Amino acid sequence: RREPGWWRDAVVYQVYPRSFADSDGDGVGDIPGITAHLDHLADLGVDVLWLSPVYRSPMDDNGYDISDYEDVDPLFGTLADLDALIEGCHAHGIRVVMDLVVNHTSDEHPWFVEARDPASPKRDWYWWRPPREGHAAGTPGAEPTNWGAAFSGPAWHLDPHSGEYYLHLFSPKQPDLNWENPEVRSAVYAMMRRWVDRGVDGFRMDVINLISKDVGLPDAPQEPGQPYGSSFDLVANGPRLDEYLAEMNREVGLTDQHLLTVGEMPGSTIDVARRVTDPDRRELDMVFTFEHVDLDVAPGGAKWDLADVPLPVLKRSLERWQVGLADVGWNSLYWNNHDQPRVVSRFGDDSPEHRVASAKTLGTVLHLHRGTPYVYQGEELGMANAGFETLEQYRDIESVNYHAEATSLGLAAETVMRSLAVKSRDNARTPMQWDDTASAGFTTGTPWLAVNPDHVDVNAAAARRDPQSVFAHYRALIALRHSDECVVDGRFELLLPDHEQLWVFTRTLGDERLLVLANCSSDAVTVDPSHVPDVVGGEVLLATHDGRTGLDLAPWESRVLRLA
Ligand code: TEU
């Protein structure tokens, strides 16, 4: 069914079910809607569908707060619908990777409901601590540590019933599981095995490098004026991470059954990735690094403190991971997901004049790196950021909480709205744009989040008719990966690292050499022939602007050449 390392030449397509396709008119995407659009994925040529959570959930964090790991939330459909989707994918030769969210559950999960009782045998399935010494429960500073939560506020929530606090690195409705407890680990592995038995081909593991914490739960370094300590170094890449991942792999048979595993690892480093993806250690196949998507943050700031990213900085970041994992382990390659703003708006140029070319060129650059590429729904259409201007348009808990926190700390409203416009996760969550009809063919009802008005031009129906579309370009990139070993395994070498406009690199495998020439700017540029291998004899495999072979590159023009 699956060969060892099959995922090395695979391309993964991420579906955020809430925003993909609504089949029952309630304004929210659902599983039958995905099944109805599998031809889109098959036409694109992707090998894997990564499905963001569809489990039962109060939807505090749009399903990343799970109250039943083994049932489908009625909002998305039924288990029978999910079985039909898995079957439909397999019939199209597409494998299915489920989202595994086991750093935390929902506070409405029966495990946590039970654990609220101090006498319950499940009390120790979560992190409970009494108020800080010398502080009365519920008073400021009584939290057991000075850690902040990712969605604003403290990382500890007082449970009045027991007078103790519980840990939640995200929202108060997402209590962290205590992975020190072997009962927790066994319950997670049993659940994973049942999903594998149901036909699932792998897992994307949500914040999996947070599951091992420093059990001493010490205070974190706290900058003066900062409301909380920066706890990331205390909760990320903890002392037992490798032990847990190896145990999970063994207990679930992840490598034995050649299941695709990708660990989402905020704050991970190349050293952690080399270790965790080293095949000999049988932990994970690959990880999502955050290094390149944390570059546009002002030094010492949070994601909302905006900064530009000069191209050389971005190029060097991806190069570091290419070099770091060249001889051991494996990279994932991504620009987009449901947490990140749209790449054409972030690192490209989403103006009407340059949107298509920049989306295609950013796709070429990413897909010609070494690793498994991930395409996020709508990326193959060149979908852009939402363009929201009022707080009422936002839905994401992270964005809404940030607005409240920042304005209460005195930040100017327009500064906060600007940060949201550039970085809110809702930028990635506007409904998939299928056609130019009302609501872009996403729903016949009222969409849960506003549809981007640009759907009249930016939509799958138009793209599939247009040989020059982003969709056609992504289809060609995916076909190239499937047909060319050098794209999959060729050694990466960055050229012209300090050039502010050009992204130029080679891939070499045996006597085959590919050259990628990309103008990642909105101005024309001429390539200095003394700085690149002899391109004249090269065969153009893929280009954004057909028929051009000289050293002049138009704005956002890129070419992939096979050198003689
Ligand atoms: O995201 C992990 C994570 O680090 C996020 O906080 C992300 O960095 C941030 O949202 C960027 O703005 C995962 C899921 O992908 C995310 O959707 C969930 O909200 C989060 O974990 C909690 O499960």
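This is a predicted model: local features need pLDDT of at least 70, side-chain atom pairs count only at pLDDT 80 or more; totals for chains, interfaces and linings use all residues.
Trainee: How many residues surround the ligand, and which are the closest?

Mentor: The shell around the ligand is made up of 6 nonpolar, 3 polar and 9 charged residues. In total, 18 residues surround the ligand. The closest of them are D61, D206, K303, D339 and R425.

Trainee: What is the distance from an oxygen atom of the ligand to an N or O atom in the side chain of D61?

Mentor: A polar contact requires a pair of N or O atoms within 3.5 Å. For the side chain of D61, the distance is 2.6 Å.

Trainee: What percentage of the ligand's accessible area does the protein cover?

Mentor: On its own, the ligand has 490 Å² of accessible area.

Trainee: Which strands are the edge strands of the open sheet?

Mentor: The sheet is open and has 8 strands with parallel pairing, in the order β11-β10-β9-β5-β2-β1-β13-β12. An edge strand here pairs on one side only. The edge strands are β11 (286-288) and β12 (332-333).

Trainee: Which residue in β9 is the bridge partner of V97?

Mentor: Strands of a sheet pair through backbone hydrogen bonds, either parallel or antiparallel. Strand β5 (residues 95-100) and strand β9 (residues 202-205) run parallel and are joined by 4 bridges. In β9, the bridge partner of V97 is G202.

Methods:
Residues are numbered from 1 along each chain as its sequence is written. Side-chain values use heavy atoms; hydrogens and water are left out. A residue is near a molecule or strand if one of its heavy atoms lies within 4 Å of it. A polar contact is a pair of N or O atoms within 3.5 Å; within protein, one must be able to donate a hydrogen and the other to accept it, and residues adjacent in sequence count only if both atoms are side-chain atoms. Accessible areas come from the Shrake-Rupley method with a 1.4 Å probe; for residues, only the protein chains shown count as cover. Ala, Val, Leu, Ile, Met, Phe, Trp, Tyr, Cys and Pro count as nonpolar, Asp, Glu, Lys and Arg as charged, and the others, Gly among them, as polar. Two strands pair if DSSP finds at least two bridges between them. Helices (H or I, at least four residues) and strands (E, at least two) are DSSP runs, numbered from the N terminus.
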